[in-house]
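Here is a set of questions and answers for a student who wants to see how labels are given to parts of a protein model. Please look at the structure before reading on.

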Amino acid sequence: MSKKVPLFINGEFVQSRASHTVPVINPANQEELAQVPFATLEEMQLAVASAKNAFKTWKEVPTPERARLFLKYQHLLKQHQDEIAEILAKENGKVLADAKGDVWRGIEVVEHACNVSSLMMGETVENVARAIDTYSYVQPLGICAGITPFNFPAMIPLWMYPMAIACGNTFILKPSEQDPLTPTRLTELFVEAGFPKGVLNVIHGGKEQVDFLLNHPDIQAISFVGSVPVAEHVYRTGTRNLKRVQAFGGAKNHMVVMPDANKEQVINNLLGSACGAGGQRCMANSVAVLVGDAGNWVDDIKQAMTTISPGSWDQPEAAYGPQISVKARDKILGLIAQGRKEGAKCLLDGSGFTSKTHPRGNFVGPTLFDQVTPEMTIYQEEIFGPVLLLLRAKTLSEAIELINHNPYGNGTSIFTSSGAAARKFQHEILVGQVGINVPIPVPLPFFSFTGWRKSFFGDLHAYGKQGVRFYTETKTVTARWFDDQVVSGPNMTISLQ
Ligand code: NAD
């Protein structure tokens with residue numbers, strides 16, 4: 001049997017005593033890379049105890065000292081970026097260049113966490129009443145926990161624990177059981193950076209382990225990223241238990257294509273967005289709304305799509321990798337079949353794709369549907385595969401209305417050369433992240449990742465200023481210092497004078 005992925009508790013990598021393990025599989029060839037154990041109750045309790053104990057001292061570490069550890073961590077992550085990307089590519093399937101991007105977008109959050117001193121600044125007003133000042137601090141919450149999905153095994157864990165820990169909290173991470181080797185390597189480098197023991201703990205598992213975190217009274221805040229049904233469960237359970245919760249769910253993102261846009265740029269950006277990472281990105285534009293005469297570009301889109309094909313992570317000619325699992329691939333194939341059955345016009349069907357070099361890989365070839373309508377299952381459901389749907393709209397207003405009726409609100413883009421069209425779109429669209437001639441508008445970490453509607457449950461988003469607010473509590477002090485000994489009688493009114 002292959003090696004067991006260790007847990008990380010109280011500064012030590014430990015072998016779990018769990019009897020329940022699942023294999024970590026290279027999705028390009030079904031090779032078993034490791035076994036991931038589902039942490040036992042006792043192990044999870046130890047992780048909480050370790051985080052609880054570490055919080056007592058970690059919260060007192062001055063912010064510049066915390067920042068210096070993150071500077072070291074950033075340096076180590078950069079130094080090992082290629083090696084981490086290779087681990088990631090093997091277990092997740094992403095092609096190497098994309099895997100490096102996954103690591104890089106995580107490193108950028110660590111860089112943001114290095115600014116913690118200025119990010120944690122409070123507010124001050126002098127003389128709110130005579131000789132009275134009011135000022136606020138932000139202070140850490142305590143133990144926070146994060147649950148992450150398979151599709152960004154470096155970036156999404158790094159959205160969470162660097163921000164939480166920089167703010168003075170301690171953290172328990174439960175990564176995706178499908179690709180836990182990348183977060184394990186990130187944790188080894190965290191140790192090498194010199195963080196004290198107990199500040200970060202890592203447990204592995206699935207629903208049972210997540211439910212433990214959601215129900216544990218010592219855990220103050222939960223960050224979750226994953227599919228909508230699980231995000232809803234996490235949000236409902238966590239908030240019912242009076243925890244602070246941010247839960248990022250799935251998506252159905254639209255790219256609006258105006259006829260005044262540059263056709264070649266549109267097609268390149270659209271295909272990269274829809275098929276990159278095998279469509280396994282929550283910000284992928286998997287629906288194109290062709291407005292007016294842009295409806296005549298279908299043949300060109302199809303032609304360009306025939307030139308891309310998937311492959312293994314180490315094949316430089318591969319446009320994207322396999323789907324994460326056989327189950328995920330079969331779900332996509334089922335939806336493609338359903339699309340055909342419901343009357344969408346399948347212009348390219350990647351269902352039958354097999355790789356000559358990797359015949360056992362979970363590959364799906366690029367797939368293109370035209371004449372899709374909003375009632376169809378392929379439009380209603382998140383496919384999370386390299387499947388692009390084409391819809392038409394007569395006007396920009398009609399395209400906006402269509403998107404605003406979709407329950408998701410993670411990301412959207414418009415491609416146009418008209419400032420007026422772009423301005424109307426950014427103003428009227430009910431989606432939290434908007435790209436103007438940008439196909440995957442993921443904000444850099446000094447902004448926040450602001451999905452809306454069914455793509456996000458909670459109030460404060462990931463990273464940026466909102467990330468700091470999510471992981472901290474505000475304390476407001478109203479202070480008066482007497483500079484004479486004049487003592488007035490008791491004041492029975494509420495006013496401060
Ligand atoms: P998933 O919901 O299956 O799993 C996410 C995490 O939840 C994993 O750690 C998993 O172990 C755990 N989990 C699974 N089932 C559970 C259950 N019943 N109860 C409690 N925990 C459970 O998601 P996935 O397939 O790993 O990731 C893909 C999904 O994540 C897609 O829907 C994608 O759109 C979404 N996603 C969203 C964003 C975003 O920012 N909105 C970012 C990345 C991915």
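Q: Which residues form a nonpolar patch on the surface, and how much accessible area do they have together?
A: In this predicted model, the patch is formed by L444, F446 and F447, and together these residues have about 330 Å² of accessible area.

Q: Why is F447 called exposed?
A: A residue is called exposed when its relative accessible area is over 50%. F447 has a relative accessible area of 56%, and therefore the word exposed applies to F447. As for its place in the chain, F447 lies in the loop between strand 19 (434-436) and strand 20 (452-453).

Q: What makes the contact of K100 with D82 a salt bridge?
A: The cut-off asks for a side-chain nitrogen of Lys or Arg within 4 Å of a carboxyl oxygen of Asp or Glu. For K100 and D82 the closest N and O atoms are 3.9 Å apart, and the pair is accordingly counted as a salt bridge.

Q: Why are K100 and D82 called partly exposed?
A: Partly exposed is the class between buried, which is under 20%, and exposed, which is over 50%. K100 has 29% relative accessibility, so K100 counts as partly exposed, and D82, at 47%, counts as partly exposed as well.

Q: How do you know that K263 forms a salt bridge with D300, and which helices hold the two residues?
A: The closest N and O atoms of K263 and D300 are 3.3 Å apart, and the cut-off is 4 Å. K263 lies in helix 10 (residues 263-275) and D300 in helix 11 (residues 298-305), so this pair ties together parts that are 37 residues apart in sequence.

Q: What makes the meeting of D349 and R340 a salt bridge, and why are both residues called partly exposed?
A: The side chains of D349 and R340 meet at 3.0 Å, N to O, where within 4 Å is required. D349 has 33% relative accessibility and therefore counts as partly exposed, and R340, at 45%, counts as partly exposed too.

Q: How many salt bridges does the structure hold?
A: The structure holds 18 salt bridges.

Key
Residues numbered from 1 in each chain as written. Predicted model: local features only at pLDDT ≥ 70, side-chain atom pairs only at ≥ 80, totals over all residues. Heavy atoms only, no water. Patch = residues over 30% accessible without salt bridge, like charges linked within 9 Å, V, L, I, M, F, W, Y side chains within 5 Å. Areas by Shrake-Rupley, 256 points an atom, 1.4 Å probe, with all protein chains shown as cover. Helix = DSSP H or I, 4+ residues; strand = E, 2+ residues; numbered from the N terminus. Buried < 20%, exposed > 50% of the residue type's maximum accessible area, 1.4 Å probe, protein only.
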